[in-house]
Amino acid sequence: MKDLLSLTFLGAAGTVTGSRYLLRTARRTVLVDCGLFQGYKTLRLRNRAPFPVAPAAIDRVVLTHAHLDHSGYLPLLVKTGYTGRIFCTPATRDLAAVLLRDSGHLQEREADLANRHGYTRHAPALPLYTEADAERAIERFSAVEFGRPYPMTEGVTATFRRAGHILGAATVEIDAGGTSIVFSGDLGRGDSATMPPPEPVTHADYLVVESTYGNRRHDRADPQDALAAVIERTAARGGTVLIPTFAVGRAQELLYHLAQLKKRGRVSAALPVFLDSPMAVDAAHIFRAHPNDHRLTPDECRETCGVATYVRDVRESKALNANDRPKIVLSASGMATGGRVLHHLETLAPDARNTILFAGFQAGGTRGAAIVGGAQAVKIHGRYVPIRAEVANLEMLSAHADADEILAWLRRFERAPRMTFITHGEPAAADALRVRVQDELSWPCTVPDHLQRFALE
């Protein structure tokens with residue numbers, strides 16, 4: 001007799017963040033993804049709440065990819081009792097180590113700044129976890145190759161396939177006692193300049209699929225044309241282009257496009273490019289170390305990684321703001337939620353000569369969403385900073401599949417899953433995808449609520 005199965009949605013339900021899915025068999029408990037909630041304060045407070053399941057009771061953790069909304073809670077999970085292994089692909093292991101160390105460091109730094117400058121309601125402000133906590137979580141990682149069923153624990157195997165979202169990103173098929181549950185993770189684009197397309201999955205008894213862009217289609221304009229136009233008009237008025245960027249994934253794609261634009265003479269070779277993110281610098285080295293996980297040739301990879309001046313030192317970062325000559329600055333984070341980009345925003349956002357250029361989805365409640373939405377000022381380090389710079393968002397550079405691309409991936413299934421769970425999207429996006437899946441594929445599907453549990457057999 002098959003084990004009784006259940007699936008509980010501990011995150012990414014009703015929101016595009018905090019990916020966490022709990023799969024229980026009669027004997028084992030597996031957590032797929034362990035992300036931080038980001039954006040609105042009501043969501044971020046969930047990071048401070050006790051985990052809905054005792055961490056010590058979880059047998060295994062499976063990670064689809066490295067981004068913090070999928071991995072960022074791992075240090076706290078380990079700190080509060082999880083003692084098992086964390087399974088992911090080799091590139092995800094390497095990238096997640098960089099991201100988690102940086103996350104712990106930034107949280108310590110933000111807490112210290114808040115306490116020293118008094119812009120906190122807590123006495124004192126404390127980090128969610130520290131860099132040392134992150135190191136303890138990193139020690140628990142185990143790398144699994146793509147395409148090979150891997151026995152994780154009693155009666156449970158996992159198969160990782162390329163998702164094309166960022167380096168190492170995977171869809172994960174879990175076989176639990178003969179029942180297959182597929183988790184899409186974040187699906188990438190078929191026409192990405194740097195990442196391979198998502199591998200097809202042909203069958204699943206149950207499917208959990210993301211819906212970040214479930215109600216939208218990406219602009220099909222050439223991203224290099226759009227990027228060149230923004231840079232050209234900003235430089236012509238003597239301004240700087242500031243690009244808040246995800247250090248893992250988006251930064252590498254932007255550097256590729258910038259390298260190609262300079263190579264073809266569409267952006268002046270004399271216009272300096274700075275990558276001001278130690279984490280993104282580390283990610284660039286990891287990118288070169290995993291040549292089979294991306295599309296770039298060795299020459300393209302060398303050009304991409306060599307187009308920018310890498311900024312690690314804090315003094316060098318501050319010097320960028322003292323230099324008012326035209327330039328391009330890429331700095332984490334992609335939604336302007338923290339990191340060095342906030343210091344650049346404080347300096348550059350009030351000046352109409354400059355441009356703040358976003359490159360993808362901005363989750364509700366983030367500074368990025370506020371700025372793209374037309375906010376006249378945003379709060380940074382306890383004070384409001386006016387937004388007078390030009391604001392642009394090149395959504396065609398998104399690393400997420402849009403609604404049509406998600407449907408195209410679903411159509412590769414040879415038969416309908418028993419149930420498709422639509423997650424990792426704002427309510428309007430998730431429901432729009434639900435309607436399309438029902439109408440165009442005639443599949444049974446649902447949009448789970450936060451903490452909702454489903455019996456799978």
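Analyst: Quick ground rule: buried means under 20% relative accessible area, exposed over 50%, partly exposed in between (1.4 Å probe, protein chains only). This is a predicted model, where local features need pLDDT of at least 70, side-chain atom pairs count only at pLDDT 80 or more, and totals for chains, interfaces and linings use all residues. Residues are numbered from 1 along each chain as its sequence is written, and side-chain values use heavy atoms, with hydrogens and water left out.

User: Why is Ala336 called buried?

Analyst: Its relative accessible area is 0%, and the cut-off is under 20%, so Ala336 is buried. Ala336 sits in the loop between β15 (328-331) and α11 (341-348); helices (H or I, at least four residues) and strands (E, at least two) are DSSP runs, numbered from the N terminus.

User: What makes the phi of Ala336 worth a mention?

Analyst: Most residues other than glycine have a negative phi. Ala336 isn't a glycine, yet its phi is positive, near 55°. His424 also has a positive phi without being a glycine, about 50° in this case. His424 is in the loop between β20 and α14, and at a relative accessible area of 2% it is buried.

User: How do you know that Gly249 and Thr153 count as buried?

Analyst: Gly249 comes in at 18% relative accessibility, so it counts as buried. It belongs to the loop between β12 (241-244) and α7. Thr153 has 14%, so it counts as buried too. Thr153 is part of strand β7 (residues 150-153) and, leaving aside residues up to four places away in sequence, touches Arg28, Val30 and Arg60 (contact means heavy atoms within 4.5 Å).

User: How do you know that the length of α7 agrees with what it should span?

Analyst: The expected span is 1.5 Å times one less than the number of residues. For the 14 residues of α7 that gives 20 Å, and the end C-alpha atoms are 20 Å apart, so the two agree. α7 is also mostly covered, with 13 of its 14 residues buried.

User: Why is α7 called roughly perpendicular to α9?

Analyst: The axes of α7 (residues 250-263) and α9 (residues 298-306) cross at roughly 95° and come within 8 Å. Angles of 65 to 115 degrees count as roughly perpendicular, under 35 as roughly parallel, over 145 as roughly antiparallel and the rest as oblique, so α7 is roughly perpendicular to α9. The α7 side of the contact is Gln252, Leu255, Tyr256, Ala259, Gln260 and Lys263, and the α9 side is Glu300, Glu303 and Thr304.

User: And what makes α4 roughly antiparallel to α8?

Analyst: Here α4 (residues 90-117) and α8 (residues 278-289) pack at about 170°, axes 10 Å apart. That angle is over 145, so α4 is roughly antiparallel to α8. Asp94, Leu95, Val98, Leu99 and Asp102 of α4 meet Met279, Asp282, Ala283 and Ile286 of α8.

User: How do you know that the buried residues of α14 line one face?

Analyst: The buried ones are Ala429, Ala430, Leu433, Arg436, Val437 and Leu441. Viewed down the axis of α14, they fall within an arc of 125°, so they line one face of the helix; the arc is that of the directions from the helix axis to the C-beta atoms. Their cover includes β11 (206-210), α13 (403-410), β20 (419-423) and β21 (445-446). Turned away from the buried side are the exposed Pro427, Ala428 and Asp439.

How values were computed:
Axes fitted to C-alpha atoms, helices over the stretch in contact; angles between N-to-C directions.
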